[in-house]
Amino acid sequence: MSLYENPLHPYTKALLSAVPIPDPVVEKKRERIILTGDVPSPINPPSGCHFHTRCPYVMDICKAEEPAFAEQATGHFVACHLYPGSRTGQSEIHAAD
């Protein structure tokens, strides 16, 4: 499944990096993503992308505009301004992956 093999959204990457791996050698070598910043309120979420308060790749557009849910590969969707189709009128990839 491409979600696990190639996570796109920064939050998905962070979540998957927290899943323990039963092989101690692999577990010791892998890199965990530790999120910083403020956890957004579910009652009063921030404007734009709801993850922007904790995202390591945050841009100005993330704070102002909610990203569109865009298909990046067959059946693999992401709502993130780092990827094509998520920005209105944009088609560039700005990912740091």
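This tour goes through the pocket and the aromatic pairs of a predicted model. Residues are numbered from 1 along each chain as its sequence is written. Local features need pLDDT of at least 70 and side-chain atom pairs count only at pLDDT 80 or more, while totals for chains, interfaces and linings use all residues, and side-chain values use heavy atoms, with hydrogens and water left out.

Begin by selecting His 9, Thr 12, Phe 69, Val 78 and Ala 79, which lie nearest the centre of the largest pocket among its 15 lining residues. A pocket here is an open set of points on a 1 Å grid where a 1.4 Å probe fits, with protein on both sides within 12 Å along at least five of seven lines, and lining residues have an atom within 4 Å of a point. Its volume, the space filled by probe spheres set on the points, is about 230 Å³.

Next, colour strand S2 (76–78), a DSSP run of E with at least two residues, which gives the most to this lining, with three residues.

Now select Tyr 11 and Phe 51, an aromatic pair (ring centres within 6.5 Å; planes under 30 degrees apart are stacked, over 60 edge-to-face, the rest tilted). This pair is tilted, at 5.2 Å centre to centre and 55 degrees between the planes. Phe 51 is buried at 10% relative accessible area (buried is under 20%, exposed over 50%, partly exposed in between, with a 1.4 Å probe and protein chains only), whereas Tyr 11 is partly exposed at 37%.

Finally, select Phe 69 again together with Phe 77, a stacked pair with 15 degrees between the planes; Phe 69 is exposed at 61%.

Note on methods. Helices (H or I, at least four residues) and strands (E, at least two) are DSSP runs, numbered from the N terminus. Rings of Phe, Tyr and Trp (its six-membered ring) pair if their centres lie within 6.5 Å; planes under 30 degrees apart count as stacked, over 60 as edge-to-face and the rest as tilted.
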